[in-house]
Amino acid sequence: MIRPFLAAAMLLASAVAAVPADYSGYGTPAPSREHVAAVRGNPGDALGSVRIKDIVTVRGVRPNQLVGYGLVVGLQGTGDSMRNSPFTEQSMQSMLDRMGVSVRSQSARNKNIAAVTVTAELPAFIGTGSRIDVTVSSLGDASSLLGGTLVMTPLYGADGEIYAVGQGAVAVSGFSSEGDSERLTQGVPTTGRVPNGAMIEREVPGHFNDDGKLAIELVNPDFKTSIRVVDIVNDYARKRWGRPVAQEEDFRTIHLKRPSEVSSTRFMAEIGDLRIAPDQVARVVIDERTGTVVIGQDVQISTVAVTHGNLTVRISELPSVSQPAPLSDGQTVVTSETIVDASQDGGNFAYVGGADLETVVRGLNRIGLKPTGIIAILQAIKTAGALQAELVVQ
């Protein structure tokens, strides 16, 4: 009698243990947004140091781009030449015509004016009378915008309407100086910025959460990060309002149902200050132009043996003077002597591999290469199938 009883007890215990975890939506139809179901994850695993508002954007809340065409005046002879930039002369004549000054019968030869493109970003929900920064970029052959002033320029949106007007002194970080035989340029003197240089004249129509429903989107979409945000928000909402408020739609979008007793602004402020630990994709980013290599924290390399040879070819041209023999009626000529030198370093194998970023970096540094060599090695390791990460070449 004891053995059948134990067998029945073990069968009952195994049946209880086989019950799946109570995840929201498991084996049931997707819940409606009006009745958001609880997401019973583990909020403790989601705790981190990054605020939610730093990794998400609110759907529908976005800036808009503005662009305009204008003139920068007051340049010290570094502006457009009227011969090479006829649109600058036409723009100057049109501007003076509007001011009641006619110069069409005269040809302007000064170089203290430059045609520019003015761009700016119109923030969401910004009000009339507020100020924004504008960026000024030369269109013609001006060598520098240093010391110039942007004349009143309307800034247009994508719908062709004027949303702001820019004007003010142009701040340029770069400079250019030249003499008869040498020219020195630092930075980009043909692009500048006008801090608070545009005033908003028209607001973009928009509304923020009139029906209690909000949607936030991850800046870097990721399934694990999306679930972590939902877990930590619902854990906070149960303690704060007695019910969950978040439901994931996919690896980017999360829907929020605002409690009726709290305003939209306060609701987003409280949710945005929650801190999580976002997950990231293992990725290596390479910029071959600048030799920059960025390796993510979760990048792993299976153990491989690597050797790399630096082939250096140096070609030098040395001028040489050939003197004729005395009384030979010859002429002295200058010739060139070419010296070609080729050398190759390296050639020893080294093991590269590791399960964490520190080991990977130590293995790459052991080879003792410059960034260009490391880039070539990473691409070869990826081709060999040993780089367990996404390789992005810019």
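This is a predicted model: local features need pLDDT of at least 70, side-chain atom pairs count only at pLDDT 80 or more; totals for chains, interfaces and linings use all residues.
Residues are numbered from 1 along each chain as its sequence is written, and side-chain values use heavy atoms, with hydrogens and water left out.

What does Arg202 meet in a salt bridge? Its partner is the side chain of Glu161, at 3.1 Å from N to O. A salt bridge here is a side-chain nitrogen of Lys or Arg within 4 Å of a carboxyl oxygen of Asp or Glu. Glu161 is partly exposed too, at 34% relative accessibility. Arg202 sits in the loop between β10 (191–200) and β11 (213–218), and Glu161 in the loop between β6 (149–156) and β7 (162–169), so this pair ties together parts that are 41 residues apart in sequence.

The structure holds nine salt bridges, so let's visit a couple of others. Glu261 pairs with Arg243, their closest N and O atoms being 3.6 Å apart. Glu261 is in the loop between β13 (253–257) and α5 (264–272), and Arg243 is in the loop between α4 (223–241) and β12 (246–248), 18 residues apart. Arg243 has 35% relative accessibility and counts as partly exposed.

Then there's Glu390, in a salt bridge with Arg283 where the closest N and O atoms are 3.1 Å apart. Glu390 belongs to strand β22 (residues 390–393) and Arg283 to strand β15 (residues 283–287), so this link joins parts 107 residues apart in sequence. Both are partly exposed: Glu390 at 38% relative accessibility, and Arg283 with a relative accessible area of 35%.

Now for a sheet. Strands of a sheet pair through backbone hydrogen bonds, either parallel or antiparallel. Which strands form the open sheet here? There are four, in the order β2-β11-β13-β12, and the pairing is antiparallel. Two strands pair if DSSP finds at least two bridges between them. At the edges are β2 (56–58) and β12, each pairing on one side only. From one strand to the next, the twist averages 30°. Look at β11 and β13: they pair over five bridges, and Leu214 stands opposite Leu256 in β13. Helix α4 lies across β11, β12 and β13, running at about 165° to β12. That angle is taken between N-to-C directions, from 0 to 180 degrees, with axes as lines fitted to C-alpha atoms (for helices, over the stretch in contact). Contact means heavy atoms within 4.5 Å.

Finally, step back to the whole chain. It has seven helices and 22 strands, and 32% of its 394 residues count as buried. Among contacts between residues at least 6 apart in sequence, 69% join residues at least 24 apart. The accessible surface comes to about 24,500 Å², with 53% belonging to carbon and sulfur atoms.

Note on methods. Helices (H or I, at least four residues) and strands (E, at least two) are DSSP runs, numbered from the N terminus. Buried means under 20% relative accessible area, exposed over 50%, partly exposed in between (1.4 Å probe, protein chains only). Accessible areas come from the Shrake-Rupley method with a 1.4 Å probe; for residues, only the protein chains shown count as cover.
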